[in-house]
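Thanks, everyone. Please take a look at the model on the screen, and I'll walk you through it.

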Amino acid sequence: MGLTGILLLIVLALSVIMIKLIVDGIRDKDWKKALVSIVIFISIILLMYFGLLRFITSM
């Protein structure tokens, strides 16, 4: 399995976890939990994106 396949599995797993946390936060009326999970997901995706850009451009 190549690097893109592994990254795809990581992103899919993160999105499933994020959706579960958001649904739990909305059910419990805990908006802070839902917003924190969205922010963490977006920050991880951005870190992966910029990390890949730096990795690819350094070759």
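Start with isoleucine 38. It is found in helix 2, which spans residues 31-57. Keep in mind that this is a predicted model. Is isoleucine 38 buried or exposed, or something in between? Its relative accessibility is 30%, so it counts as partly exposed.

Isoleucine 38 also belongs to a nonpolar surface patch.

How many aromatic pairs does the structure hold? One. Its partners are tyrosine 49 and phenylalanine 50. A pair of aromatic rings is described by the distance of the centres and the angle of the planes. Here, tyrosine 49 and phenylalanine 50 sit 5.3 Å apart, centre to centre, with 70° between the planes. Planes over 60 degrees apart count as edge-to-face, and that is how this pair is classed. Tyrosine 49 itself is partly exposed, at a relative accessible area of 48%.

Now over to helix 1, residues 3-27. A search of the whole structure turns up one salt bridge. Which side chains meet in it? Aspartate 24 and lysine 20, at 2.8 Å, N to O. They are four residues apart in helix 1, so about one helical turn separates them.

What about accessibility at each end? Aspartate 24 has 19% relative accessibility, so it counts as buried; the cut-off for buried is under 20%. Lysine 20 comes in at 52%, so it counts as exposed. For exposed, the cut-off is over 50%.

That's my tour. Questions are welcome.

Notes. Residues are numbered from 1 along each chain as its sequence is written. This is a predicted model: local features need pLDDT of at least 70, side-chain atom pairs count only at pLDDT 80 or more; totals for chains, interfaces and linings use all residues. Side-chain values use heavy atoms; hydrogens and water are left out. Patches are made of residues with over 30% relative accessible area and no salt bridge: like charges are joined within 9 Å, nonpolar side chains (Val, Leu, Ile, Met, Phe, Trp, Tyr) within 5 Å. Accessible areas come from the Shrake-Rupley method with a 1.4 Å probe; for residues, only the protein chains shown count as cover. A salt bridge is a side-chain nitrogen of Lys or Arg within 4 Å of a carboxyl oxygen of Asp or Glu. Helices (H or I, at least four residues) and strands (E, at least two) are DSSP runs, numbered from the N terminus. Buried means under 20% relative accessible area, exposed over 50%, partly exposed in between (1.4 Å probe, protein chains only). Rings of Phe, Tyr and Trp (its six-membered ring) pair if their centres lie within 6.5 Å; planes under 30 degrees apart count as stacked, over 60 as edge-to-face and the rest as tilted.
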